[in-house]
Amino acid sequence: LAPWVPVVGLEIHAQISSNSKLFSGSQVQFAAPPNSLVSFFDASLPGTLPVLNRRCVEAAVMTGLALNCSINKKSLFDRKHYFYADLPAGYQITQQRVPIAVNGCLSYSLCIDSKMSQMVTKTVRIKQIQLEQDSGKSLHDDTRSQTLVDLNRAGVGLMEVVMEPDMCCGEEAAAAVRELQLILQTLGSSQAVMAEGQLRVDANVSVHHPGEPYGVRTEVKNINSIRFLAKAIDYEIQRQIEELENGGTILNETRAFDSKLGCTVPMRDKEGKQDYRFMPEPNLPPLILYDTKSLPANMNHQQVINIDWIHERLPDLPSVKRKKLVEKYGILPEHSFTLLNEDGLAEFFESVVKRTQMKPKKVIGWILNDLLSYLKQHSLTVKESPVSSFLLGDLLNLLEKKEISSTAAKQVFAELWKGEGKTPLEIVKEQKLGLLQDQKELEQICQAVIDGQENEVIMMMLG
Amino acid sequence: MRALLLGRWLRAGPGPPRPESRNGGNGGHRGNGGHRGNGGNGGHGPLRKVSVEVLDHLEHLALVDFRDSEGVERLHKAIQFADQLHEVNTDGVEPMDSVLEDRCLYLREDDVTEGNCTKELLENAREKVEEYFVAPPGNIPLPKLEERETFLQGS
């Protein structure tokens, strides 16, 4: 039986983190009263025009630079036409011909085995990043056969990141998206929370035999978490293989992932192949970006976006942060991944290291094994931890100075977890967990024990 | 300022929509730069007919109704008028897609200046439910050619 090569590409929409929308001054906010964050332009009332938000352009440039893209100094806006109730204009303004950034790459890491002891680095090519409008939200009311439309989200700025089909399974796609999410959050260009719809991922999946041309691909939508992304892709790969091995064919269709059933199902047929009738957006001139060399002398600086200026101010990306952690503290690369994977954990770790004499290589064990497992068990974030970095630092100091044993330290930790406001020292005193340091006192105790067991002592001395 | 040759075919008011004479597929690009420089017909070029399939496709896409043979005729004449553009030799000239190409794209500061006008926006809505607009469930596609009462069937 010839092996199957699965091919996975991704289209990711990240909502730009900005105060107002891409082309209008209405507010960007999750969960507000319906249609309260809608301007006349967003509702597509006649006579309104798009006005580009500077912050959205900067967010896209930052993201393009972080993903090693070439930034197009001249990019264009287009209209993509289709009819839907939550798209009042009947078209979406996007960048189809010349997007703002092209030809980048993203590196991500995978664990080879389940013990997280060996990591391998992979890259995926970024085809392009384009600016575009989000649509409104439709709530389907099947009982009354109607759709309720809320335009609060209509017009919010999106960055569409297109990843080339360089991935081969759900795990790779999930790892790539996770890394992209961390990068976006570090840059601040998007908060990228999937549960709030700030990061939406569509997967393109196909299979073929090695040496043969690529198979027909399907598009999988409606994926609400990174975990489901991996599941959906792996299911679809299996489904296609089984279909083909049974002599069937794959349709070039759009399928939705059903998280309850764990499978993909065909979406409603949208009247055959879509023809979006792309045309240049007539109300927007080309978007021109500058660098230090091409900076025009007499322009109002509020009207100028300097790519080099933005590049100089990029924060350390996750990959750089991990490297620095490994170099500074001597921890393992796998540890640095876990530290960055939990919001606030790296800062917590560094704070503990500062407070204690214990070596970072030992501290990391407490962070990753004890603290993290407690947090996970109780479904808490680092910020919600009842044990602060100060308390943990004090506890580790007691351990380091050998005032308590490691078993006792675990007990104290469990007590601290209750969050009753006691310090480690107080708990040690209360539960009498302190190791005796006084030599004389130890001798007295030992002597008392020996005195109390005369027979055993004689037996021992006789051999 | 470029001067436009106004042919006899110019009508006041909006004419029928201009179709792409190629059947654009998914994500069809607006490729052109077509240089058929050897035209020289002065608006009397061959009348290119548009097939029934394309007309039906257009009616689906743009939800227009060509209504009768006169509407289709007007479409053909509009195409013929526009085809005059091919008479211009555009070898080595970058296509222009906007007369705004030399203008500066104004960048707005990221401040909240609009919104909060729910009542006004819903005033014109025929139906509303608790401040939501009401729409039919999903798109209702135009019925297929065979099932519609349109003169296109006879063509």
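**A hairpin and its sheet**

Author: Let us begin with a turn in this predicted model. In chain A, strand 9 and strand 10 form a hairpin with 4 residues between the strands, and A:Ser145 there takes a positive phi near 50°.

Reader: What is the order of the strands in the open sheet?

Author: The order is 9(A)-10(A)-3(B)-2(B), an open sheet of 4 strands with antiparallel pairing. The edges are formed by strand 9 (137-141) of chain A and strand 2 (128-129) of chain B, each of which pairs on one side only.

Reader: Which strands pair over 3 bridges, and in which sense?

Author: Those are strand 10 (residues 146-150) of chain A and strand 3 (residues 132-135) of chain B, in the antiparallel sense. As a point to locate on the display, A:Thr147 has B:Ala135 in strand 3 of chain B as its bridge partner.

Reader: Let us turn to a helix. Which residues are buried in helix 1 of chain B?

Author: A residue is called buried when its relative accessible area is under 20%. In helix 1 (residues 52-62) of chain B, this applies to B:Val52, B:Leu55, B:Asp56, B:Leu58, B:Glu59 and B:Leu61. Their cover includes helix 2 (69-82) of chain B. After helix 1 of chain B comes B:Leu63, with a positive phi near 50°.

Reader: What does the secondary structure of chain A come to, and why is this chain described as more spread out than a compact globule?

Author: Chain A comes to 13 helices and 17 strands. Its radius of gyration is 29 Å, whereas the globule rule gives 23 Å for 463 residues; the former is well over the latter, so chain A is more spread out than a compact globule. The C-alpha trace of chain A spans about 100 × 65 × 50 Å along its principal axes.

Reader: What share of the residues of chain A count as buried?

Author: The share is 48% of the 463 residues. The accessible surface of chain A is about 23,300 Å², with 53% of it belonging to carbon and sulfur atoms.

Reader: How many positive and negative side chains does chain A have?

Author: Chain A has 50 positive and 57 negative ones, and the centres of the two sets lie 5 Å apart.

Note on methods
Residues numbered from 1 in each chain as written. Chains lettered and ligands numbered in written order. Predicted model: local features only at pLDDT ≥ 70, side-chain atom pairs only at ≥ 80, totals over all residues. Heavy atoms only, no water. Helix = DSSP H or I, 4+ residues; strand = E, 2+ residues; numbered from the N terminus. Rg over C-alpha atoms; globule rule 2.2 N^0.38 Å. Buried < 20%, exposed > 50% of the residue type's maximum accessible area, 1.4 Å probe, protein only. Areas by Shrake-Rupley, 256 points an atom, 1.4 Å probe, with all protein chains shown as cover. Lys, Arg positive; Asp, Glu negative; His and termini not counted. Charge placed at Lys NZ, Arg CZ, Asp CG, Glu CD. Pairing = 2+ DSSP bridges. Contact = heavy atoms within 4.5 Å.
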